[in-house]
Amino acid sequence: MQPRNMSMSGVVDLAAVKAAGEAKTKAEQVRAEAARQGGSAAVPPSALVIDVDEAGFERDVLQRSAEVPVVLDFWAEWCEPCKQLGPLLERLAVEYNGRFLLAKIDVDANQMLMQQFGIQGIPAVFAVVAGQALPLFQGAVPEAQIRETLDQLIQVGEERFGLTGIAVDAEADGSAPAARPVGPYDALLEAAMSALDAGDLAGAVQAYKNVLTDDPAHPEAKLGLAQAELLARVQDLDPAVVRKNAADNQADVAAQIAAADLDLVGGHVEDAFGRLVETVRRTAGDDRDAARLRLLELFEVIGVDDPRVTTARQALARVLF
């Protein structure tokens, strides 16, 4: 997914920056000017989701992309998967609190934009970062995958272009972030630990999933689920066979994924991450997605704040973008 400069011939006159260096400079100038004037005015959460058409594309997307990554949701009223994905993206835009802006584009009313982006089917999701377009995904994909994609997008925006997002005033339009559901999870978490101690990995997985059904962001349950699923995957593997298969078949993605699981269980964290980053780098299509998603799962096992995860995320972003 290499970024490309937007060239919207016949639709807009590209005024936003086209190169990474220029983009970073422009973003820094915007922030400096805002600071000189007392800081940028915070926007209400409702302003994080906007409808965009061809006439406003340059102003609302290209120019704004010098301040914040802009995620484009190509949709249509008749598209059933769009009705699932659209509300999810809107919720995430508010939850991410100004780290990205969501621009919704009705393809029926904006055929030229659809053609310029080469849209073959919807829903289709792109991003524009500092005037450069990045294809993200197509179809109604799982929320966990969307979150990981957004995290990588935001990281690229910060590291390569200096984009730090926009300030949000949660009370500006009378709304405040919804409180996370709080439930009596102690019993479920204790049941999960008891199942792990008894070697009942399936029971542990289900107990953690019961917590996450109510509270999808519960950190202890997310970590526990990732660890239990990893143990379940490796419990019947023959380490010698797995490692020989991986060594003899470098192009076998399934073999590399299995070896990465064993690496992690054995405490070789950097080896596991490096193996999957390299697999992502040299593959494409479904094979690349399989390796990438397993790597994201292993990040959860170690914990997203671990410096080894941070390093691997950066390496993954480099091979993806």
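**View A. Phe57, a buried ring.** In this predicted model, Phe57 has a relative accessibility of 0%, so this residue counts as buried. Follow the chain and you'll find Phe57 in helix 2 (residues 57–63).

View B. To describe two aromatic rings, you give the distance of their centres and the angle of their planes. By the ring-pair rule, there are six aromatic pairs here. One of them is Phe57 with Phe117: the centres sit 6.0 Å apart, the planes make an angle of 70°, and the pair is edge-to-face. These two partners come from distant parts of the chain, 60 residues apart, with Phe117 in the loop between helix 4 (111–116) and strand 5 (124–129). Phe117 has a relative accessible area of 4%, which means that it is buried.

**View C. Phe74 meets Phe117.** Phe117 also pairs with Phe74: here the centres are 5.2 Å apart and the planes are at 55°, so this pair is tilted. Since Phe74 is part of strand 3 (residues 70–75) and Phe117 belongs to the loop between helix 4 and strand 5, the pair ties together parts 43 residues apart in sequence. And is Phe74 buried or exposed? Its relative accessibility is 0%, so Phe74 counts as buried.

**View D. Four rings in a cluster.** Now put the rings together: Phe57, Phe74, Phe117 and Phe126 are linked into a cluster by ring pairs.

How values were computed:
Residues numbered from 1 in each chain as written. Predicted model: local features only at pLDDT ≥ 70, side-chain atom pairs only at ≥ 80, totals over all residues. Heavy atoms only, no water. Phe/Tyr/Trp six-rings, centres within 6.5 Å; stacked < 30°, edge-to-face > 60°. Helix = DSSP H or I, 4+ residues; strand = E, 2+ residues; numbered from the N terminus. Buried < 20%, exposed > 50% of the residue type's maximum accessible area, 1.4 Å probe, protein only.
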